[in-house]
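This short report walks through a few local features of one chain. Keep the structure in view while reading.

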Amino acid sequence: MQNKRYNVVGVMSGTSLDGVDLAHIHFSVENGKWTFQIFESETISYSDQWVDQLKKAVDFSKADLKKLNENYTTLLAEIISDFIQKHQLEHLDAVCSHGHTILHQPQNGFTLQIGNLPAIAQLTHQKVVCDFRVQDVQLGGQGAPLVPIGDRILFSEFDCCLNLGGFSNVSFEEGGKRIAFDISPVNTVLNFYADKLGLKYDDKGRITRTGTISEELLSELNALDFYQKAYPKSLGFEFVKGTVLPLIEKHSISIEDKLRTFTEHVAFQMAAALPSEQGKLLVTGGGAYNDFLIERMRFYLPQMQIIIPDAKTIEFKEALIFALLGVLKLRNEINVLASVTGAKHDHCSGKIHEFSS
C-alpha cells in the first residue's frame with residue numbers, strides 16, 4: 001500500500017552558484033492527482049571560497065574532484081542538518097537532493113553531480129534520495145532537464161513552464177508527450193559581467209537597461225550551432241566557458257553593452273524556442289526578478305500571458321520538483337521522461353541512501 005502523504009525536504013544547487021536551496025514540502029496524492037505545500041524554505045549562500053572552487057572545478061583532476069566531492073558532501077550535510085534543526089522538522093520521509101553539477105558531458109556518456117555520496121545519509125541522520133542524472137545518461141539520455149515531469153504533475157494548468165536560472169529551460173506538452181530542453185545560458189553569463197562591476201547580480205536589470213545592443217555580437221550569438229540543434233538538448237557550464245564568453249570577449253564594448261546585448265539574445269532565443277506565441281507561460285527561477293529581461297520577453301511575445309508566481313515558487317520550484325522526483329523514486333514510479341532527455345525509455349532514476357542508526 002503506497003503512502004498518500006509525504007513529508008520531505010528538497011535540496012537544489014544551481015549553476016548560477018547563488019547557494020543551496022532548501023524547501024520543506026508536504027505532498028499529497030489522491031486518485032493520481034498530486035498537490036503540494038511549501039512550508040519553510042531558504043537559500044544558504046556559499047562562501048567566496050566555495051564559489052571559487054565550484055567555478056574552477058570544471059578543470060580539476062580526477063583526484064581533486066574526488067576530494068571536492070567528499071568535502072562538498074560534508075558541507076551539504078551540514079547545511080541540510082542545520083535546516084532540519086533550525087525548523088525542528090520531524091518524521092521526514094526523506095531528504096531529496098540534487099547535488100551540484102560540476103561536469104555535464106552527455107555526449108561522452110558522463111555527468112557528475114557532487115554531494116551525492118552515500119555518507120550523506122549518515123551525516124544527516126536521514127534517508128537521502130539523490131543522484132538523479134547518471135542513470136539517464138547511461139540510458140543514452142542527456143541527463144537533463146529533469147524538472148519537466150514535475151511541470152506535468154504539479155503545474156499542468158500552464159501551457160509552458162520556463163525556468164530562468166543559470167540556464168533557461170522550457171517544458172510543454174506536444175502530441176501527448178512532454179517536451180523539454182535547455183534554451184540558452186542566462187545568469188551564468190549575466191552574473192559573470194555583474195561581478196566585473198563588483199555586484200553579485202544586476203538587480204532587476206537596472207544596469208542592463210542603460211546599455212546599447214551590439215547588433216554584430218547579437219547576430220553572432222544567435223548564430224551559434226547549439227540554437228540550430230533539434231531537441232532533446234542540454235547545456236553545461238563548459239558551453240559558457242568555452243564558447244559564449246570567448247565570443248563576447250572578442251568585442252570591445254562596455255560591460256553595460258555586453259549585458260544589454262546578451263539579455264536581448266536570451267529573450268529572442270526564449271521566444272523562438274516556444275511552440276506557440278499564445279497561452280499561459282509560467283516563469284520561475286532567479287531571472288523572474290529581472291524586470292528588464294521580462295520586459296524584453298513580453299516584447300517578443302505580446303500575445304503570451306506571462307505569469308510570475310509567488311516568491312516561494314519562483315525561488316524554490318527546482319527544490320520542490322527534485323523533492324517530487326525523490327518521492328517518485330521511493331514509490332518506484334517513473335520520474336524521468338525519455339521524451340525530454342532522449343533516453344531509451346522512461347525510467348525511475350536516483351539512488352536511495354539509507355540511514356542506519
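## The annotated coiled-coil region

The unreviewed UniProt entry carries the annotation "coiled-coil region" for residues 51-78. The model here is predicted. In it, residues 51-78 are 82% helix and 0% strand.

## Helix α1: one buried face

Helix α1 spans residues 48-56. Trp50, Val51 and Leu54 are buried in this helix. Viewed down the axis of α1, the buried residues fall within an arc of 100°, so they line one face of the helix. An α-helix has 3.6 residues a turn, so residues three or four places apart point the same way.

What do the buried residues of α1 pack against? Their partners are α2 (62-86), β5 (100-105) and β6 (110-114). Asp48 and Gln49 are exposed, on the face of α1 turned away from its buried side.

## Asn335: a buried loop residue

Asn335 sits in the loop between α12 (311-330) and α13 (338-341). Is Asn335 buried or exposed? Its relative accessible area is 0%, which means that Asn335 counts as buried, the cut-off being under 20%.

The side chain of Asn335 reaches the backbone nitrogen of Ser349 at 2.7 Å. Ser349 is also among the contacts of Asn335 once neighbours within four places in sequence are set aside.

Note on methods:
Residues numbered from 1 in each chain as written. Predicted model: local features only at pLDDT ≥ 70, side-chain atom pairs only at ≥ 80, totals over all residues. Heavy atoms only, no water. Helix = DSSP H or I, 4+ residues; strand = E, 2+ residues; numbered from the N terminus. Buried < 20%, exposed > 50% of the residue type's maximum accessible area, 1.4 Å probe, protein only. Polar contact = N/O pair within 3.5 Å; in protein donor to acceptor, adjacent residues only side chain to side chain. Contact = heavy atoms within 4.5 Å. UniProt positions renumbered as here; feature names shortened; annotations may be inferred. Arc of directions from axis to C-beta.
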